[in-house]
Amino acid sequence: MKDLNFTEILPPELITEILLRVPVKSLLKFRSVSKFWLTLISSRQFIKNHLSLSANNKEDTHHVLIYGQSRYYKGNFKECLFRSLFNDSVTEAFDLKYPIENDSKLFNVLGSCNGLIFLADYLECSLLWNPTTRMHKNLPDIRPRWKKYYVEYGFGYDELRDDYKVLGIFYNRCGLDGGEVKIYSLKSDSWTSVDYIGEEILNTSDSNRKMRLGYSGFFVNGKLHWDTITFGPNPGDVCRCRDIIYFDLANEKWEKVEKPSYGVGETDLYMGTLGSDLCVFRDYNETQLGVWVMNGYGVKESWIKKFTITYPIKQVLYPPLFMSNNGEMLATLGTITSIMYNSKDDAFRYPHVINCNDFHGVAIYVESLVCPFSTEVTEKATKQRRKKLRSKPLRNK
């Protein structure tokens, strides 16, 4: 095999097709084979094509379950392969190398897109992290106009500009007097201000009620979606999921999605995603959960009631994390207990995952080569690798 030139034996097109089906961790090693392989594996088109094959793999072999940090012990994150949850045997969660050395901060997983994870401690620090390549980028500091505030985040991909963006909606802790919105662009590596939601979208006709967005935004069809929470003048007067409001990452405008026409006796619980579709979860007499899915994005008539799930126990069933190709849905009970629901036989399973006790929050990411840096920084790193390859002997010249 010494001095073997693969490109003389196999055409470059075939080499590319083979490498597109190789796991990310192996590809990271293969970058040292030759300058040709380094250039190919580092190219934007290869990264996009590899991501597409991995995300749409019928066996879900490249999807990984990540467990967030504990509220009480700020240690490493944990991870396990999604496919391992389908085995009857015990699944072990393994330590995931933590990208931040400061253990005093509690980071939450607030978004996952194309293999990148958005982490934030809500008030001071945030970063983009690719757990597979172990690369991370600290986002620039951001300060709203209030000293005391809370923030809701959303993270997604602007396909039109080939840019990853983070949206932060800041609220004054001392009152509910609107919000301040800022958006981060990975390409420009900066935060800019955008308009808050217009009154015509909020439709808050009752002046005694105030509104804010609920929790992290769900990324669907190039847009970040939130349900709304309205507060009345009296304690405990809270109405959840009144509207679904979204922010378009391409044109940076706010709009509203029309909700489905529900059945009698159903009440709103929360919004989420099922696969690549927007969905709404509704409670029926505290005994069943109705799962409504928008099959045609933006078309109200495309809402269908896909599942009616009888509660397995009297505990909150949180939005599903993932829908497998064989019809099984992964959700959580409480904070970290995983539960699998099979829509084909209306049955539940409780995967036994060890080494993840007391960890808060669960998310799914797909293994990818997507870099949490701008294109310019990535190309500069590739050039530096090429220089190093010139200085040492290679099997494939």
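Is Arg 161 buried, partly exposed or exposed? Select Arg 161 and you'll find a partly exposed residue, with a relative accessible area of 39%. (Buried means under 20% relative accessible area, exposed means over 50%, and partly exposed is in between, using a 1.4 Å probe and protein chains only.)

Before moving on, a note on what's loaded: this is a predicted model, where local features need pLDDT of at least 70, side-chain atom pairs count only at pLDDT 80 or more, and totals for chains, interfaces and linings use all residues. Residues are numbered from 1 along each chain as its sequence is written, and side-chain values use heavy atoms, leaving out hydrogens and water.

(A salt bridge is a side-chain nitrogen of Lys or Arg within 4 Å of a carboxyl oxygen of Asp or Glu.) Asp 158 is buried, at 2% relative accessible area.

Next, pick Lys 165 and Glu 252, a salt bridge whose closest N and O atoms are 3.3 Å apart. Lys 165 sits in strand β10 (residues 163-172) and Glu 252 in the loop between β15 (238-248) and β16 (253-257), so the pair ties together parts 87 residues apart in sequence. (Strands are DSSP runs of E, at least two residues, and helices are runs of H or I, at least four, numbered from the N terminus.) Lys 165 is buried at 3%, while Glu 252 is partly exposed at 29%.

Last stop: Lys 223 and Asp 248, whose closest N and O atoms are 4.0 Å apart in another salt bridge. Lys 223 belongs to strand β14 (residues 223-231) and Asp 248 to strand β15, so this pair links parts 25 residues apart in sequence. Both ends are buried: Lys 223 at 12% and Asp 248 at 13%.

To finish, show Asp 158, Arg 161, Lys 165 and Glu 252 together: salt bridges that share partners join them into one network.
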